[in-house]
Amino acid sequence: MRIRIFAGIAALLCSLLSGLSAAAGASTDALDLEKFKGKVVLLDFWASWCAPCKASFPWMQRLNRRYPRADLVVIAVNVDHERSLAERFLDAERPDFSVVFDPMGRIAERFDVHSMPASYYIDRSGRVRYTHAGFRDGDRAEAEREISTLIAER
């Protein structure tokens, strides 16, 4: 009996800690990165109170429009505890990329997020290849080169 319970707990923990997919809770949208294998993913963590986050949204919007969806998927993960704050931010920014809500911080925890915004560039095989803490205009060229490099890899 104990072994079965332990195996069940171990399976649950593996599922939650998996870097490829996990449901983040009842009030949180699911984030299943597995379905994006074969595409480059720009995964960005943000909050409504974060000024650099606000500055990054137009840039992510341009990237999302520049590259075909077959190559690049932009996903913004909001970590506000109150969804209404995020929705107010989104009403102003009107992104055309996917937004996932993570009020409990479970997705952010999986990626060990310590700053806002925090971006993770994930290659076509599902591996995080580049990370960025914060957003500065001067870093855009380097970030775009990294994304272009990942997209060029087939």
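This is a predicted model: local features need pLDDT of at least 70, side-chain atom pairs count only at pLDDT 80 or more; totals for chains, interfaces and linings use all residues.
## The disulfide

Let's start with sulfur. The model has one disulfide, and the partners are Cys50 and Cys53. Their two sulfur atoms sit 2.4 Å apart. If you look along the S-S bond, the angle about it is 85°, and the link between Cys50 and Cys53 is right-handed.

Are these two cysteines buried or exposed? Cys50 has a relative accessibility of 4%, so this residue counts as buried. Cys53 comes out at 0%, which puts Cys53 in the buried group too, because the cut-off for buried is under 20%.

## Salt bridges

Next up are the charged side chains. Searching the whole structure turns up 11 salt bridges. One of them pairs Glu144 with Arg66, and the closest N and O atoms are 3.4 Å apart.

Another salt bridge brings together the side chains of Glu87 and Arg83, at 3.0 Å from N to O. This pair stays within one helix: both residues are in α3 (residues 83–93), and because they are four residues apart, about one helical turn separates them. Glu87 is partly exposed at 35% relative accessibility, and Arg83 is partly exposed at 38%.

## A salt-bridge network

Salt bridges can also link up into a network. Here, Asp123, Arg127, Arg129 and Glu153 are linked in this way. One part of the picture is the salt bridge between the side chains of Asp123 and Arg127, with an N to O distance of 3.0 Å. Asp123 has a relative accessible area of 4%, so Asp123 is buried.

## Rings, and charges over rings

Now for the aromatic residues. The model contains nine aromatic pairs. Trp46, Phe57, Phe89 and Phe97 form one aromatic cluster.

Phe89 turns up again when you look for charges sitting over rings. The charged end of Lys54 sits over the ring of Phe89, at 5.9 Å from the ring's centre. Which ring has the charged end of Arg83 over it? That would be the ring of Phe101, and the distance to its centre is 3.7 Å.

Met116 and Pro117 are joined by a cis peptide bond, with omega at about -15°. Pro117 is in the loop between α4 (106–110) and β6 (118–122).

That loop between α4 and β6 also holds Asp112. Asp112 is not a glycine, yet its phi is positive, near 55°. With a relative accessibility of 52%, Asp112 counts as exposed, because the cut-off for exposed is over 50%.

Arg94 is another residue with a positive phi, about 50°, although Arg94 is not a glycine. You'll find Arg94 in the loop between α3 and β5 (98–101). Its relative accessible area is 61%, so Arg94 is exposed.

Last stop: Asp71, which has its place in the loop between α2 and β4 (72–78). Is Asp71 buried or exposed? Its relative accessible area is 11%, so Asp71 is buried.

Which residues does Asp71 touch, if you leave out those up to four places away in sequence? The list is Lys39, Val40, Arg124, Ile151 and Arg154. With Arg124, there is a polar contact between the two side chains at 3.1 Å. The side chain of Asp71 also makes a polar contact with the side chain of Arg154, at 3.2 Å.

Terms used:
Residues are numbered from 1 along each chain as its sequence is written. Side-chain values use heavy atoms; hydrogens and water are left out. A disulfide is a pair of cysteine sulfur atoms within 2.5 Å. Buried means under 20% relative accessible area, exposed over 50%, partly exposed in between (1.4 Å probe, protein chains only). A salt bridge is a side-chain nitrogen of Lys or Arg within 4 Å of a carboxyl oxygen of Asp or Glu. Helices (H or I, at least four residues) and strands (E, at least two) are DSSP runs, numbered from the N terminus. Rings of Phe, Tyr and Trp (its six-membered ring) pair if their centres lie within 6.5 Å; planes under 30 degrees apart count as stacked, over 60 as edge-to-face and the rest as tilted. A charge sits over a ring if NZ of Lys or CZ of Arg is within 6 Å of the ring centre and within 35 degrees of the ring normal. A polar contact is a pair of N or O atoms within 3.5 Å; within protein, one must be able to donate a hydrogen and the other to accept it, and residues adjacent in sequence count only if both atoms are side-chain atoms. Contact means heavy atoms within 4.5 Å.
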